[in-house]
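Here is a short briefing on a protein model. Have the sequence and the 3D view open as you read.

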Amino acid sequence: MTDLVIETKGLTKTLGGRNVVDKLDLRIKRGDIYGFLGPNGAGKTTTIKMLLGLARPSSGQVRLFGRSIRKERVALLRKVGSLVEYPSYYGHLNAKENLETIRLLLPGVRRSRIDEVLSIVRLTKDAQRQVKGYSLGMKQRLGIAAALLGEPELLILDEPTNGLDPSGIIEIRELIRSMPGQYGMTVLVSSHLLTEVGQMATEVGIVSKGKLVFQDRLEVLKGRSRQQIHIRLNDQQRAFNLLHAHGFKAELTDGRLYVPKADDQRIASVVRMLVQQGIEISRVEEEGDTLESVFLHMTGGEGGL
Amino acid sequence: MRRLLASEFLKLRRKMIWFLIVLGPAGVIALQAVNYGLRFDYLMKNYAGDPWGYLIKNVSMLLIPALLMGMTIISSMIATLEHHTNAWKQTIALPVSRTKLYLGKFAVTTMLLLVSTVLVLAGTVALGLIFGFELQALPWDTLLIALYGAFIGALPYLAVQIWLAVTLNNQAIPLTVGISGLVLSMLMINGSSSKNWLPWKWPYLALLEPVFPVAAGLAASAVLYLLGSLHFARKDVG
Ligand SMILES: Nc1ncnc2c1ncn2[C@@H]1O[C@H](COP(=O)(O)OP(=O)(O)OP(=O)(O)O)[C@@H](O)[C@H]1O
Ligand SMILES: [Mg+2]
């Protein structure tokens with residue numbers, strides 16, 4: 001038995017005659033922060049709903065903590081906190097009352113935990129106000145507080161930074177990043193933005209049109225981003241010929257000269273050689289495939305940022 | 001179950017629901033007070049033999065439509081609490097079985113409506129006493145059967161309303177079905193007794209002959225409740 005907190009096998013959901021989730025094999029280990037990425041409509045929310053037993057798989061299976069969600073849903077959900085899509089709340093109740101309606105259904109959670117989670121998401125000051133008067137970002141924080149209420153071992157957050165302002169995004173990101181270390185949690189967080197996930201995830205899974213197109217450590221994905229060096233100079237064609245004559249790789253596209261990314265010394269020798277041959281260099285810059293363009297490439301270019 | 005009910009009742013805070021629970025019975029009793037106030041001497045002369053029995057009959061004729069209306073509106077309001085921000089996806093992802101959540105919704109609605117019937121009961125007795133009826137002469141069995149026989153006779157109706165309200169986002173459907181049922185039941189009050197098998201007549205039958213509507217009401221509501229609960233347990237959450 002490996003220490004997989006989430007494992008799906010051939011997970012499929014057919015909606016309207018289409019496989020919106022198509023044979024997904026997710027593997028999320030204890031202590032991971034798993035970034036679950038995909039453009040709009042890729043099937044992230046549908047997958048998450050099946051992980052939580054909110055929707056039934058058309059085929060395939062879901063295991064949480066090595067046990068089947070279909071057979072042991074109630075026992076397993078005690079260890080899971082979740083926020084799916086946009087936040088849910090009872091607008092006529094204040095934040096404390098909202099959390100109390102949830103706490104009553106979580107065995108073994110003290111009342112004082114409500115104040116703790118409110119302070120974690122910085123809502124203490126507004127705790128007595130009716131939630132219908134909250135801003136979108138405050139409702140989102142309340143949703144995260146609700147997910148944290150039961151001190152879950154697994155936290156599933158579907159686009160948790162939706163509607164947050166930049167400082168709120170950073171705050172939540174830091175919070176998520178601290179989860180495994182501080183509380184021993186495993187986190188699954190979905191997003192459309194690789195750059196955002198890239199700042200907190202340890203593992204990344206990318207879905208496109210219901211299919212898992214990538215699943216590995218974040219570093220592996222970063223390794224795939226092909227960086228190039230763009231050199232701006234006065235005579236591209238002559239420089240290109242010179243580079244080839246001296247055994248350097250180079251590429252000339254759209255009148256722009258690129259050399260592959262390499263260590264500083266090698267780039268320095270490229271520059272020195274060109275200058276010695278009388279070429280005037282005005283700029284040397286890194287360019288090309290960012291994480292985001294790798295993502296766009298994998299998901300067929302549609303959607304994303 | 002106690003915590004589930006506590007959670008459900010907490011959700012009712014600051015809602016109109018409690019107000020309606022009191023308003024319904026107050027309306028029923030007030031209308032009877034007006035009815036008697038306008039023609040007190042006439043009624044007293046005609047029904048001198050059984051003043052309590054006649055009052056109970058009058059109250060129950062108003063109570064039943066009010067109860068059906070209450071079942072429609074309250075179950076819809078209880079369900080709307082969850083539909084409004086799709087809180088279902090949060091509630092159902094909690095460690096509680098779906099059949100238990102369904103039972104919770106059914107139980108809260110039933111308890112609220114029972115509070116209403118207790119208020120009607122108290123109001124009826126108070127009204128009789130104000131009119132000068134003798135407390136010793138009060139036929140408690142008739143009163144209880146009239147109120148709770150009707151309640152049980154209407155339970156199948158409640159089971160359908162809860163099912164529709166809880167499983168459909170669009171509350172226009174349960175409201176339309178509920179109000180159509182209410183109108184149908186009023187049209188049937190004076191229909192021939194050969195149609196007594198029609199569930200819409202059951203609440204009204206309790207006053208005449210309680211055994212059948214109570215038995216049929218319990219059996220039919222149990223079946224409808226189980227079907228609704230089963231559907232809710234299997235349904236995907238939107
Ligand atoms: N009830 C339904 N019937 C038919 N198609 C559906 C239904 N629900 C969702 N879909 C489709 O399933 C696909 C996946 O939707 P899902 O909400 O899982 O995507 P997502 O990855 O969460 O997207 P987003 O980033 O926009 O939240 C979409 O194309 C959507 O149109
Ligand atoms: Mg989504």
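The largest cavity has a volume of about 130 Å³. The model is predicted. A search of the whole structure finds 5 cavities of 30 Å³ or more.

**Largest cavity**

- The lining of the largest cavity is made by 13 residues.
- Nearest the centre of this cavity lie Val80(A), Gly81(A), Ser82(A), Ala146(A) and Leu94(B).
- Two elements give two or more residues to this lining: strand E7 (80-83) and helix H5 (136-148), both of chain A.
- E7(A) gives the largest share of the lining, 3 residues.
- By class, the lining of the largest cavity holds 8 nonpolar, 4 polar and 1 charged residues.

**Second largest cavity**

- The second largest cavity has a volume of about 50 Å³.
- From chain A, its lining includes Ser82(A), Leu83(A), Val84(A), Tyr86(A), Pro87(A) and Ser88(A).
- From chain B, Lys89(B) and Gln90(B) also line the second largest cavity.
- E7 of chain A and helix H5 (88-91) of chain B each supply at least two residues of this lining.
- The lining residues divide into 4 nonpolar, 3 polar and 1 charged.
- Ser82(A) is named among the residues nearest the centre of the largest cavity, and Ser82(A) also lines the second largest cavity.

**Largest pocket**

- The volume of the largest pocket is about 490 Å³.
- Its lining has 25 residues.
- Gly53(A), Arg56(A), Ile69(A), Arg70(A) and Arg73(A) lie nearest the centre of the pocket.
- By class, the pocket lining has 8 nonpolar, 8 polar and 9 charged residues.

**Interface of chain A and chain B**

- On the chain A side, 31 residues are in contact with 30 residues of chain B.
- The two chains bury about 3,000 Å² between them. Carbon and sulfur atoms account for 55% of that area.
- In chain A, Leu54(A), Tyr90(A) and Leu105(A) lose the most area to chain B. Together they make up 24% of what that side buries.
- Polar contacts across the interface of chain A and chain B join 25 residue pairs, both residues at pLDDT 80 or more.
- Helix H2 (69-77) and helix H3 (95-103) of chain A each supply at least two residues of the side that touches chain B.
- H3(A) gives the largest share of that side, 5 residues.
- By class, the side of chain A that touches chain B has 16 nonpolar, 7 polar and 8 charged residues.

**Salt bridges**

- Side chains of opposite charge can pair when their charged atoms come close.
- Over all chains, the structure holds 28 salt bridges.
- Across the interface of chain A and chain B, the rule finds 3 salt bridges.
- Asp236(B) and Lys13(A) meet through their side chains in a salt bridge, at 2.5 Å from N to O.
- Within chain A, Glu7(A) forms a salt bridge with Arg27(A), with the closest N and O atoms 3.6 Å apart.
- This pair links distant parts of the chain, 20 residues apart. Glu7(A) is in strand E1 (residues 4-15), and Arg27(A) is in strand E3 (residues 27-29).

Key: Residues are numbered from 1 along each chain as its sequence is written. Chains are lettered from A and ligands numbered from 1 in the order in which they are written. This is a predicted model: local features need pLDDT of at least 70, side-chain atom pairs count only at pLDDT 80 or more; totals for chains, interfaces and linings use all residues. Side-chain values use heavy atoms; hydrogens and water are left out. Contact means heavy atoms within 4.5 Å. Buried area is the accessible area (1.4 Å probe) that two parts lose on being put together, summed over both. A salt bridge is a side-chain nitrogen of Lys or Arg within 4 Å of a carboxyl oxygen of Asp or Glu. A polar contact is a pair of N or O atoms within 3.5 Å; within protein, one must be able to donate a hydrogen and the other to accept it, and residues adjacent in sequence count only if both atoms are side-chain atoms. Helices (H or I, at least four residues) and strands (E, at least two) are DSSP runs, numbered from the N terminus. Ala, Val, Leu, Ile, Met, Phe, Trp, Tyr, Cys and Pro count as nonpolar, Asp, Glu, Lys and Arg as charged, and the others, Gly among them, as polar. On a 1 Å grid over the protein atoms alone, a cavity is a set of points where a 1.4 Å probe fits but cannot get out, and a pocket is an open set with protein on both sides within 12 Å along at least five of seven lines; lining residues have an atom within 4 Å of a point. Grid points are joined across faces, edges and corners, and a volume is the space filled by probe spheres set on the points.
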